[in-house]
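Please keep the sequence and the model at hand while reading.

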Amino acid sequence: DGTVITCSAPVNIAVIKYWGKRDDELILPVNSSLSVTLHQDQLKTTTTIACSRDFQEDRIWINGREEDINQSRLQSCLREMRRLARKRSGDGDPAHGVAGLSHKVHICSVNNFPTAAGLASSASGYACLVYTLSRLFGVEGELSAVARQGSGSACRSMYGGFVQWKIGERADGKDSLAEQVQPETHWPELRVLVLVVNAQRKHIGSTSGMQTSVKTSSLLKHRAECLVSGQMDKMMRAINTKDFSAFGELTMQDSNQFHATCLDTYPPIFYLSDVSRQIINLVHCYNHHYREIKVAYTFDAGPNAVIFTLQEHLPEFVQVVRYFFPPESNEEQFLKGLSVDSVPVSESLKAAIGMEPV
Ligand code: DP6
């Protein structure tokens, strides 16, 4: 009598970062944020949920290991999805409701990329959990508020393309929702490259990191109250008009400001490594060589770089990275799954970057 549903949800990369909550329980942010959702077949979580009357209790496995189903964020999502399913089924009696609603669930979730390496696994993970539950229970409609209660950034992975998470005004969080700014078809030349600097687990998770920032950083307060809303407007304009130079500059500035608030946090939080900083430097030299922003970086709560560029610059930039960070010199697989044309890097560009290969 059981049902099994499998869905997947992609990672999103914030170009205006979410950092800090005004309500820890409901996960309400101190500022709006904006991200790019990757394609479905790239970095993603795939979740299978089975329900059966034979199951004694809800259980969850993440990347093959059983985890505690009683974690409060998991419970929030499960409780909320079951409540919505009951509401939809009408009379509130689970026995008369949607198939499986009275049954326990077994959840199995896998990422095709390193978990907790600052690559937003909680975003795709909770988005996928909520979406798969919605298929299982037959719930439709706005679900970003449920995903948000799993992990803030997860609400943005409920939509494709360019997505904003609006801060909202209400204390109950009902208006703190994700909304698509432009669909995935809007800017087909845009490319996202992940440079895995270190695939290990990060030291300070975003949840506790942002708590400390909210408590101690006056820069974060200034950022949230005065700076972000203007940057959001500019970013939306850059996206709407496909102005890469503006998009790239705003993205890099926001990443730098986020890491500055981490440094302004007390005790300070360091997410960037020496290699991260070398990548930042390399990007600025590359752009300087072209006298225009052709490539942009952004870093989340970890040392890995996410690079944005347009297709016309992708092959060359990949070669530049390969030249200065030869894959052999790194035990990790530095460039993952790339098939790009091999183009030579000009001597003048190498000189412009002005560093020795690592
Ligand atoms: C730096 O969404 O992981 O990636 O809401 O506590 O689960 P919680 O935090 P999380 O924070 C993401 C922080 C970020 C920026 C971003 O994605 O906007």
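The model is predicted. Helices H1 and H2 have axes that come within 10 Å, and an open sheet is built from 4 strands.

**Helix pair**
- Helix H1 covers residues 72-88 and helix H2 covers residues 121-137; their axes cross at roughly 25°.
- Angles under 35 degrees count as roughly parallel, so H1 is roughly parallel to H2.
- The crossing of H1 and H2 is right-handed.
- From H1, the residues in contact are Cys77, Met81 and Ala85; from H2, they are Tyr126, Leu129, Val130, Leu133, Ser134 and Phe137.
- Sorted by class, this contact of H1 with H2 has 8 nonpolar residues, 1 polar residue and no charged residues.

**Sheet**
- Strands of a sheet pair through backbone hydrogen bonds, in either a parallel or an antiparallel sense.
- Here the order is S2-S5-S10-S11, and the pairing is antiparallel.
- The edges are strand S2 (12-16) and strand S11 (178-182); each has a single partner strand, so one side of each lacks a neighbour in the sheet.
- From one strand to the next, the twist averages 35°.
- S2 pairs with strand S5 (residues 33-37) in the antiparallel sense, over 4 bridges.
- Isoleucine 16 has leucine 34 in S5 as its bridge partner.

Terms used:
Residues numbered from 1 in each chain as written. Predicted model: local features only at pLDDT ≥ 70, side-chain atom pairs only at ≥ 80, totals over all residues. Axes fitted to C-alpha atoms, helices over the stretch in contact; angles between N-to-C directions. Helix = DSSP H or I, 4+ residues; strand = E, 2+ residues; numbered from the N terminus. Parallel < 35°, antiparallel > 145°, perpendicular 65-115°, else oblique. Left-handed = near helix turned anticlockwise from the far one by under 90°. Contact = placed C-beta atoms within 7 Å. Nonpolar A, V, L, I, M, F, W, Y, C, P; charged D, E, K, R; others polar. Pairing = 2+ DSSP bridges.
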